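Here is a short report for a reader new to this structure. Take a look at the model first, then read on.

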Amino acid sequence: MSLDPSITADVDLYALLSVTRDSSSTTLKKAYRKVALKYHPDKNPDDKDAASKFHFLSLALETLSTPALKEKYDRMRDAQAERIAKTERLGQRQREMKRDLEEREMRANESKERHRQEQRRLDELKEEGLKRRKEMDSQAQASDSSQDENLVLIKFKLTPGSKITETHLEHLLSSFGSIDLLRIKSSSSSMTRKSAIVIYKERSAAQACSTFLADPSDFFDQDAFYKMIRSVVYKSETVNAPRASAIAGAKVQATPRLDISIEDKLLALKARIKESEGETA
């Protein structure tokens, strides 16, 4: 026994008769009579579809009243309901997958944007660091150049029994100008060979000191240190003390020319020293 072609899974016969799957045969008949009166052609003369509707109600009653037909109809309806549910689940899963994909894409875009911002910040910091490095190098070069112009390196050799201290040298060499730093270092090869590093506050003082110490022969009898001098280095140029070097057997080098103003300062310094000798006498 087969279902009438007009009975499909899309038609809800239970809703049409206002009954349930568990309704009895009696209940089905009562429900049919009630709905049939409503759609009877005699009561709906103006409705051209009344006859077909009334006929369809008869098919509905026959389907639900016949166990075999009812079973086929119920299986057909259940299969359709399962397909609909499966489609809905699939649709829900697809929607969830789509939403998850969109969220991942959004997080990926946010991560890329953060990475770009961080990279931009790193580039800015790198550029700023390079700029500051250049500025620091420039300042360091200027500082080194300035310090080189104010620095005098004096190499000397102690005579037997003699001792030269930083305090003693500062007393002697501060007459040329204020001293920022003075240090005495020993040679690694000999304890008698020393080097005095003198940094003046002003370049003119360093020039005056290096020029004077290049030939301190007129003052050998004033302080033993003058006889110990072997060379003077100023602005990376070595100037040997002529007479002192001759005594030590060292090679004599020419003294560099200085501005007239520096020579005048030296003459004034020598004059003050001689005046001091006269007062002492």
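The largest nonpolar core has 28 residues, and Ile154, Leu173, Tyr200, Leu213, Phe225 and Tyr226 touch the most other members. Such a core is a set of buried Ala, Val, Leu, Ile, Met, Phe, Trp, Tyr and Cys residues joined through side-chain atoms within 4.5 Å. Buried means under 20% relative accessible area, exposed over 50%, partly exposed in between (1.4 Å probe, protein chains only). S1, H5, S2, S3, H6, H7 and strand S4 (229-234) each supply at least two residues of this core. H6 gives the most, with 6 residues. Helices (H or I, at least four residues) and strands (E, at least two) are DSSP runs, numbered from the N terminus. Another core, of 18 residues, lies apart; Leu3, Ala31, Ala60 and Leu61 are among them.

This is a predicted model: local features need pLDDT of at least 70, side-chain atom pairs count only at pLDDT 80 or more, and totals for chains, interfaces and linings use all residues. Residues are numbered from 1 along each chain as its sequence is written, and side-chain values use heavy atoms, leaving out hydrogens and water.

Now to helix H5. Leu169, Leu172 and Leu173 are the buried residues of H5 (residues 166-173). They fall within an arc of 85° seen down the axis, so they line one face of the helix. The arc is that of the directions from the helix axis to the C-beta atoms. Thr167 and His171 are exposed, on the face turned away from the buried side. The cover over the buried residues of H5 includes strand S1 (151-157), strand S2 (179-186), strand S3 (193-200), helix H6 (203-214) and helix H7 (224-228).

Ser210 sits in helix H6. Ser210 is buried, at 8% relative accessible area. Leaving aside residues up to four places away in sequence, Ser210 touches Val152, Val232 and Tyr234. Contact means heavy atoms within 4.5 Å.

Next, the charged pairs. The structure holds 11 salt bridges. Each is a side-chain nitrogen of Lys or Arg within 4 Å of a carboxyl oxygen of Asp or Glu. The table shows some of them.

| Salt bridge | N to O distance |
|---|---|
| Arg21 and Asp74 | 3.8 Å |
| Asp100 and Arg104 | 3.1 Å |
| Lys201 and Asp180 | 2.5 Å |

Arg21 is partly exposed, at 37%, whereas Asp74 is buried, at 10%. Arg21, Lys70, Asp74 and Asp78 are linked in a network of salt bridges. Asp100 and Arg104 are 4 residues apart in helix H4, about one helical turn.
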